[in-house]
Amino acid sequence: MSRPPRTQQLGLIACHACGLVCHHIVGGNEHVPCPRCGTALHRRRPDSITRAWAFLIAGLIFYIPASMLPVMYTDLLGNGSDSTIMHGIVEFWKAGSWAIAFVIFIASVAVPCAKFLVLGLLLATTQRRSRWAMRERARLYRLVELVGYWSMLDVLVVAIVSALVKFQGLSDIEPRIGILFFGMVVIFTMLSAMNFDPRLIWDADET
Amino acid sequence: MQTFSALVACEHCDSVFRRYALAPREVARCKQCQAVLYRDSRLDVNQWLALTIAAAIVFVMANTCPVIRISLQGVHSETTLWQSAVALAHGATTPIAVPTALSIIVVPFMQITLLVWVLAFARTGQRAPGFARAMRMLVVLRPWSMIEVGLLGILVAIIKLSSFLQVAPGPGAWATAALLVLTTLTARRDIHWLWEWTDPARAGGTEA
């Protein structure tokens, strides 16, 4: 199957903000504004691979304290204890709420870890201009963009329960430092995915 | 600069295609990477505006009414979305309160406000003052709206607390559910075609 022409071959450039396709001379001034919406036109997201790696590594580093440190302090009728994300999942599992334990496991453990692996894979293969499974890699990237922000779930749960359970002397729930790191992991991996330019996957096809 | 409104470039692989008119509910996909190029819009501008105004009303309810009520030994407590975000702003976790408030309150608020502004003018084929800036802003805001995660958070919190407390969803929770549906219909929509819709050349306007 012959592949459809790409913008560069036709002397065109597309605006990433409004989608307008404009005439563009290769090697000409890169940062002309889009004639319709005024956004600076870029053939590819600037420093895509470097920035995506930087955010991904930052996320990976923050993931260590996020999973080791407590995210929440629970004081139930005088019984105070810190709990980590994994601890919270185990609690639900033991209480018989398997479905909820599964949902939190997916959002807090499976999704962030899958994101590290998938983005790492995409970055490494794209950097080497690999022509392996391009269509599948493109689909994988769209999947990461689609599910990435669901990991904010734990941050929101901690926020809601600590706002609610404020009974002086009786019971109290407070957020702990781990949730800050966890939130940063989600934001960093989202920024990493946003900075990665999926068009680079297909650039390997050009000789 | 010469522009080509009859062409569309795939955002995911940079392939160029000629636009064609879509059948109802049809989705145009890239032949190279299968990404969505553009969709048939089932809503016209008036319907879109109406749903966005509905979203604005529901947004106010979701943010003023408590989302969860609990009681323990006769003592009651309740929280709104805003109070939940503020609960993180104590001690060491303070920095994460900002993105939390942004993703479940501020970003949806800005999306709804900008859309109402843009659509109210687009009804008559006009571009609102600051149209380009508003449209660019909507593109930037889109990935940071997390109403759906907020709603799931409310549900998980209810289940989490129900083991040792009396818990009931408040009116804010129902409003958040309605807001989720309405923002999916309005703010998650492809906005590119509003540029063509309000094109002065097409409408015979006078803007340069």
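Modeller: In this predicted model, the centres of domain 1 and domain 2 of chain B, taken over C-alpha atoms, are separated by 30 Å. Domain 1 of chain B covers residues 1-40, and domain 2 of chain B covers residues 43-198. The overall dimensions of the chain may be set beside that separation. Along the principal axes, the C-alpha atoms of chain B fill a box of roughly 70 × 40 × 35 Å. The radius of gyration of chain B is 21 Å, whereas a compact globule of 208 residues would have one near 17 Å. Chain B contains 8 helices and 7 strands. Of its 208 residues, 39% count as buried. When contacts in chain B between residues at least 6 apart in sequence are considered, 61% of them join residues at least 24 apart.

The contact draws 59 residues from chain B and 58 residues from chain A. On the side of chain B that touches chain A, the elements giving two or more residues include the strands β1 (7-9), β2 (16-18), β5 (68-72) and β6 (75-79) of chain B. The helices α2 (81-87), α3 (94-122), α4 (131-141) and α5 (147-161) of chain B also give two or more residues to that side. Of these contributors, α5(B) gives the most, with 10 residues.

One residue of chain A illustrates the meeting of the two chains. A:Leu170 lies in the loop between β5 and β6 (171-175) of chain A. Leaving aside residues up to four places away in sequence, A:Leu170 touches B:Leu72, B:Gln73 and B:Val75, together with A:Leu77 of its own chain. A:Leu170 counts as partly exposed because it has 14 C-beta neighbours inside 10 Å, where a buried residue would need 20 or more. A:Leu170 and A:Trp202 are 32 residues apart in sequence, and their C-alpha atoms are 60 Å apart in space.

Within chain B, a residue of helix α2 may be considered in turn. B:Val86 is placed in that helix of chain B. With 16 C-beta neighbours inside 10 Å, B:Val86 also counts as partly exposed. From B:Val86 to B:Ile96 the distance is 9.9 Å, C-alpha to C-alpha, and the two are 10 residues apart in sequence.

The partner chain provides the wider context. Chain A is divided into domain 1 (1-43) and domain 2 (47-203), and the C-alpha centres of these two domains of chain A lie 35 Å apart. Helix α6 (residues 177-195) of chain A has 19 residues, which at 1.5 Å a residue should span 27 Å; its end C-alpha atoms are 27 Å apart, in agreement with that expectation. Because 16 of the 19 residues of α6(A) are buried, this helix is largely enclosed by the rest of the structure.

Confidence in chain A is highest in helix α1 (residues 48-68), at a mean of 97, and lowest in strand β5 (residues 166-167), at 86. Where pLDDT is low, predicted coordinates should not be read in detail.

Definitions and conventions. Residues numbered from 1 in each chain as written. Chains lettered and ligands numbered in written order. Predicted model: local features only at pLDDT ≥ 70, side-chain atom pairs only at ≥ 80, totals over all residues. Contact = placed C-beta atoms within 7 Å. Helix = DSSP H or I, 4+ residues; strand = E, 2+ residues; numbered from the N terminus. Domains from an automatic or database assignment. Expected span 1.5 Å × (residues − 1). Buried ≥ 20, exposed ≤ 12 C-beta atoms within 10 Å, placed from the backbone. pLDDT = per-residue confidence, 0-100. Rg over C-alpha atoms; globule rule 2.2 N^0.38 Å.
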